[in-house]
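Me: I'd like to go through the pocket and cavity linings here, one at a time. Can you take me through them?

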Amino acid sequence: MAHPLPSTPLALHSAAAVATPLLRHQPNFTHLISTATSLPHLKQIHSHLLRNPHHSNQQQHFFHLVLSSLPFPSYALSLLSFIPADGPPPQQFSNNLLKHLSRSNNPHNTLFFFQAIQEKAFPIDRFCFPPLLKAASKARALTEGKVLHGLAAKHGYDSDPYVETALVGMYAACGLISDARLLFDKMSHRDVVTWNIMIDGYCQSRLFDSVLDLLEEMKSSDTKPDGRIFTTILSSCARVGKLDIGKIVHGFIQENKIVIDSHLQSALLNMYASSGAMDVAQSLFDELKTNTVVASTAMISGHSKAGNVEAARLVFDEMSHRDLVCWSAMVSAYADSDKPQEALKIFHDMQKHGLKPDQITMLSVISACARLGALDQAKQIHQFVDHKGFGNFLPINNALIDMYAKCGSLEKAREVFARIHRKNVISWTSMVSAFAVHGDADNALKYFQRMKFENVEPNWVTFVGVLYACSHAGLVEEGKRAFESMVDRYRITPRLEHYGCMVDLYGRANRLADALELVETMPMAPNVVIWGSLMAACRIHGEFELGEYAAKSLLAIDPDHDGAHVFLSNLYAKEKRWENVGEVRRFMKHKGILKERGCSMIEMDNEIHEFLTADSSHKQRDEIYSKLDEVVVELRRAGYEPNTSGVLVDLDEIEKREAVLWHSEKLALCYGLISKERQSCIRIIKNLRICEDCHNFMKLASKVFDREIVVRDRSRFHHCKEGVCSCKDYW
């Protein structure tokens, strides 16, 4: 009927051998059992009861012992075997036993104990069924729930209003909402709890029109809705972003003059904040007499989703008391706002305040570390994960794979993957995507095949990783086959992400006609990413006319896209169409559109050092520029000449060479050469696509200085070693 519990040896005789002064004289068993908190202590009491079978009230003490042993389910279950068939417990025993178990976090225990109760033929009554059906609801155990329904009907308890209410909840929780409604409609008496359960069932099934209909029906009944019902609906609207339904419910509350207590006020606020209506959420927040932790946390999450992390931090700083959920929300806000260093700082501050992170907090922390790309900090976070006991959680391990991949260590990602005993689709997809972003298409496709061999069915995200790998390795035919199998074999409807990868695949391979045909024939309107992929391919292959068309199509969707404006300006400059160059630059100036500045980061001694182009803010700037001069001299001896073809501003050739040599990744490299030990790997993170000159510079530097240089740019990793890059100059 339910999953069996692991058996635990009782070792009663050994327990009996342990003598303590507490049990040498006639003990007060009621007090001893009530105060026992450890398994050895309970076993000792049990042993004493067995050695004194004629003790007064022994049977009552034994039943009390069973109930007190429920925190140790295997032991409590074994105690039932000591109850003789000719001396069954009183009716109340089964009720108390099941009621206690139904409150635990493991509903399967309740069902399993009931199976044991039936086998022992213990007496049951109608009060046994609500906790049992509650456990079946928690466990989504439909088969067991139906058996209980049949048993209740057999005993004539199925017309009891408490049993009926529990049956409605069970069928709703198990997804049989029609069956739940059938029972609900047949009930002769429905209290506010029953209505709440039925409404919650509709909310869980996302049948919000039925929720509104039921509210109207309830309005005409003898039962008045209370705040809990509306809290249930609003919480569900918040989870799925149903602002329209939430507004209707808010109107219903106002029209029917429902008393809005702090819980309902928080639910309203959370619904508006989660749905992005921050103006309404703010007004509700301002109306609160006292800003509760729940309300403040909802505002933090709402501001974060709206992209206003500064407002989220302001709410956070004004809180007088902060719980773990609030701290986690702030960590997540920074991680999602691409401010990973702030996220990690908040995480460290949280620990200083004595709060222990949970799995949700750690997922945000790992995500922040992945965005940052700092391998040393990633290793420290991994050590923390293992030390605090999070290493056995599958979501954590999946996140660690992604973190190590984005921090440049495929080796560490593979180690984490290898230690996962039961890998799910996310585990495999994370590894496929890791290989893809590092340009290792062979292993990406190999793991994709292994995944299918292990009978793990790929999902749409898996195919994004596979297509990305093919795109960055020029594997056009393999990419086409993967796309076709996704549609034909796995019946996955292609999304914009898949079409974007296919356009990129064709574009990089200089099959621009195929790329354009796909853009024009895809079943949904192309987005900024797809037009951007086509535009980038045109830049690589010098296809100016199609590139202009792609850039203008992109700007029709996003008029303020800096990349498209810069592309057009550069394109016109190459063709010496200076009037058009002037128009683009005047428009950008008028609109305040600025080209995103190149920025490179390097981690050194647990500190992140950032460099901009021609940066002079670093405290070791003189050493860095001196090292740059030295590096350029060494590389020129090996054949390096600055490539100024990408500098499309009105400068003379000497100035263009200086502009190229002062790119941020070159400054980061020179700082690494100054500070890093000779044989260590230099890892650089760049916010933009690495230019051709810097790419050649890194390759040659890896050979001349005998160093492995890893650069993570906007779209992939470049592992430069002995003068060769892992991308094979196909990027």
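Me: Which helix gives the largest share of the lining of the second largest pocket?

Reply: This is a predicted model, where local features need pLDDT of at least 70, side-chain atom pairs count only at pLDDT 80 or more, and totals for chains, interfaces and linings use all residues. Residues are numbered from 1 along each chain as its sequence is written, and side-chain values use heavy atoms, with hydrogens and water left out. On a 1 Å grid over the protein atoms alone, a pocket is an open set of points with protein on both sides within 12 Å along at least five of seven lines, a cavity is a set where a 1.4 Å probe fits but cannot get out, and lining residues have an atom within 4 Å of a point. Helices are DSSP runs (H or I, at least four residues), strands likewise (E, at least two), numbered from the N terminus, and the largest share here, seven residues, comes from α10.

Me: Which residues lie nearest the centre of that second largest pocket?

Reply: α8 (129-139), α10 (161-173) and α12 (192-204) each supply at least two lining residues. Of the 18 residues in the lining, the ones nearest the centre are S137, A166, G169, M170 and I197.

Me: Which strands give two or more residues to the lining of the largest cavity?

Reply: The lining of the largest cavity includes R683, I684, I685, V710, V711 and R712. The strands giving two or more residues are β3 (682-686) and β4 (709-712).
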